[in-house]
Amino acid sequence: MSRPPPSTRDQLAQAATFFQSGMSLALPVDYAGVSMALTWPLLASGTKDFDLVCVPTGGLQADILIGAGRVRSIETSAMTLGEAGGAPCFNRAVREGSIVIRDATCPAIHAGLQAAQRGAPFTAMRGLLGTDVLAQRNDWRVIDNPFSDAPDPVVLIPAIRPDLALFHCPLGDRQGNVWIGRRRELATMAYAARRSLVTVERLVDDLFATEETAAGTLPALYVDQVIEVPQGARPYGLWGVYGGDLPALKRYAAEARTPEGFAAWLEEAQAEAAGIRGGAP
Amino acid sequence: MTEASKREIMIATIAELLRGVRHVAVGAASPIPAAGAMLRRALAEEEATPPVRLSILGSVAHNFFTNGSVELFDCAGQGRIDAFFLSGGQIDGQGNVNLVGVGDYPNGKVRWPGSFGSSYLYFVVPRVILFREEHSPRIFVEKVDFISAPGASPEGVYRPGGPSALLTGLGLFDFESSRPGFTLRSVHPGHSLEEIRAATGFSFAHEPQPPLTQAPTPETLALLRGRVLDELAETYPGFAAELAAEITTTGGD
């Protein structure tokens with residue numbers, strides 16, 4: 001297999017054209033395929049004031065963006081580093097009140113994205129009544145189910161339409177299609193978002209060549225650019241390809257407990273990314 | 001065979017609480033509930049009762065969802081999940097669960113990860129088992145600081161689901177949604193009603209002398225130490241090894 005004409009390094013540098021201050025960014029849950037590789041060009045672009053949408057929970061990537069001072073608000077059902085513990089920069093930002101937090105519940109985030117996927121303005125969902133999650137959300141509404149004879153309150157969730165979705169998955173092809181297998185939330189993110197930027201482990205010739213890969217493929221219609229970045233989810237794992245690096249996550253959790261520790265970690269991580277991938281830090 | 005350890009008693013209790021379920025889901029980072037659900041599945045086979053389906057998040061071998069992380073919630077919303085487990089940073093006497101934090105929202109003194117799917121699943125899964133091994137007044141409070149998921153709902157709110165029991169390292173409680181409130185069903189061996197009272201920040205109903213939590217039968221214990229431990233090792237290798245080590249030493253604590 002020959003490499004695509006522009007190098008990974010060039011393509012990651014060009015990804016900067018996707019980034020704008022004030023944009024909303026959809027990021028996947030830690031086990032679904034996080035494009036950690038795009039974190040570095042995103043930081044290097046100097047853009048900020050992001051509104052994060054975690055689908056449906058956030059972890060390392062969101063925590064780094066918060067720690068680097070790039071996040072204005074975050075909508076999420078949880079922020080965690082999994083077995084490595086709490087998300088230190090997020091926790092600090094919440095304590096200091098330096099970011100707006102929109103606490104949600106997992107199915108509400110899926111529901112909002114699915115409404116956007118259908119081009120609908122909102123969707124209805126069960127649950128939530130009597131929770132402080134609902135009480136704190138002035139963008140959600142409660143109405144009486146118009147199809148019920150008896151009173152039946154239901155919650156309305158507005159469509160979530162992120163400006164940009166970022167994720168990583170195993171395969172992409174020369175036509176810009178990507179293979180997401182059964183991680184359908186990646187498709188939902190891409191359907192809902194205005195643009196999608198995807199990194200893949202490996203580029204193949206044509207994902208539509210066989211029904212086996214066509215079935216789990218997200219067509220190029222929803223993908224604005226595909227960049228081949230082997231190990232692009234690290235230190236997270238990628239389902240079916242490689243496992244996560246728990247010691248690395250634990251190290252981050254420990255070092256990012258203070259702003260100084262985070263800054264040192266970030267400098268090292270950016271230098272390492274620049275060394276391996278040749279991207280400008 | 002050595003006696004059942006405290007953790008084995010909790011696992012066997014969960015398997016008992018799951019009697020009759022067709023499909024049980026277990027969230028991430030929940031080794032004891034996962035073991036209890038695996039034991040229920042194994043017992044159902046032994047007892048030749050209808051098979052039990054298991055969805056263990058974070059497992060590859062025990063998770064058959066193919067529609068991404070939304071499928072668990074869609075499945076639950078349709079009534080296709082009979083039982084689920086929730087924990088909480090705080091749980092109060094009315095069954096309210098707080099997964100968000102302590103103090104005034106949003107900038108309180110302690111922040112936990114967040115509500116995850118609890119604000120939905122608590123409403124739609126018929127048998128939600130509250131599980132928290134640590135039993136202290138810090139966790140079991142009079143009133144939670146933030147309601148991620150309410151224990152009961154007023155009439156007219158769609159609520160096919162809710163808490164059915166609360167299992168801790170000290171005892172087992174039933175939940176009554178009509179009150180709403182907890183009733184102590186049993187005390188784990190080695191503990192007492194007084195100890196539970198002192199460790200619980202809310203009041204609960206109880207008999208003057210509540211019975212001891214039942215230890216598993218030798219057959220159940222053998223199943224747990226054999227097949228279930230093997231199955232568990234795939235998702236929770238560390239926990240499975242710890243449990244195996246416990247068995248070969250004291251058999252309790």
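Guide: In this predicted model, B:A29 sits in the loop of chain B that runs between β1 (23-26) and α2 (31-46). Its phi is near 55°, a positive value in a residue other than glycine. Chain A also holds backbone features to note, in the form of cis peptide bonds. One joins A:V55 and A:P56, with omega about -10°, and A:P56 belongs to the loop between β2 (50-55) and α3 (60-67) of chain A. Another runs from A:R234 to A:P235, with omega near 10°; here the proline is in the loop between β12 (225-228) and α9 (246-255) of chain A.

Helix α6 (residues 218-235) and helix α7 (residues 237-248) of chain B pack with their axes 6 Å apart, at an angle of about 150°. Angles over 145 degrees count as roughly antiparallel, so α6(B) is roughly antiparallel to α7(B). From α6(B), the residues in this contact are B:R225, B:L229, B:L232, B:A233, B:E234 and B:T235, and they meet B:P237, B:F239, B:A240, B:L243, B:A244 and B:I247 of α7(B). Of the residues in the contact, nine are nonpolar, one is polar and two are charged.

The two chains also meet each other. Chain A contributes 37 residues to their contact and chain B contributes 33 residues. About 2800 Å² is buried between chain A and chain B, of which 59% is on carbon and sulfur atoms. On the side of chain A, the most area is lost to chain B by A:D103, A:R126 and A:R182, which together account for 19% of what that side buries.

Of these, A:D103 also forms a salt bridge through its side chain with that of B:R111, at 2.8 Å from N to O. The count between chain A and chain B is one salt bridge, while the count of residue pairs in polar contact, both at pLDDT 80 or more, is 14. At least two residues of the side of chain A that touches chain B come from each of α4 (88-96), β4 (100-103), α5 (106-118), α6 (132-135) and α7 (184-192) of chain A. That side divides into 16 nonpolar, 12 polar and nine charged residues.

Over all chains, a search of the whole structure finds 26 salt bridges. A:R126 takes part in a salt bridge with A:D152, at 2.9 Å from N to O. This pair links distant parts of the chain, 26 residues apart: A:D152 is in the loop between β6 (141-144) and β7 (153-158) of chain A, and A:R126 in the loop between β5 (122-125) and α6 of chain A.

Technical notes:
Residues are numbered from 1 along each chain as its sequence is written. Chains are lettered from A and ligands numbered from 1 in the order in which they are written. This is a predicted model: local features need pLDDT of at least 70, side-chain atom pairs count only at pLDDT 80 or more; totals for chains, interfaces and linings use all residues. Side-chain values use heavy atoms; hydrogens and water are left out. Axes are lines fitted to C-alpha atoms, for helices over the stretch in contact, and angles run from 0 to 180 degrees between N-to-C directions. Helices (H or I, at least four residues) and strands (E, at least two) are DSSP runs, numbered from the N terminus. Angles under 35 degrees count as roughly parallel, over 145 as roughly antiparallel, 65 to 115 as roughly perpendicular and the rest as oblique. Contact means heavy atoms within 4.5 Å. Ala, Val, Leu, Ile, Met, Phe, Trp, Tyr, Cys and Pro count as nonpolar, Asp, Glu, Lys and Arg as charged, and the others, Gly among them, as polar. Buried area is the accessible area (1.4 Å probe) that two parts lose on being put together, summed over both. A salt bridge is a side-chain nitrogen of Lys or Arg within 4 Å of a carboxyl oxygen of Asp or Glu. A polar contact is a pair of N or O atoms within 3.5 Å; within protein, one must be able to donate a hydrogen and the other to accept it, and residues adjacent in sequence count only if both atoms are side-chain atoms.
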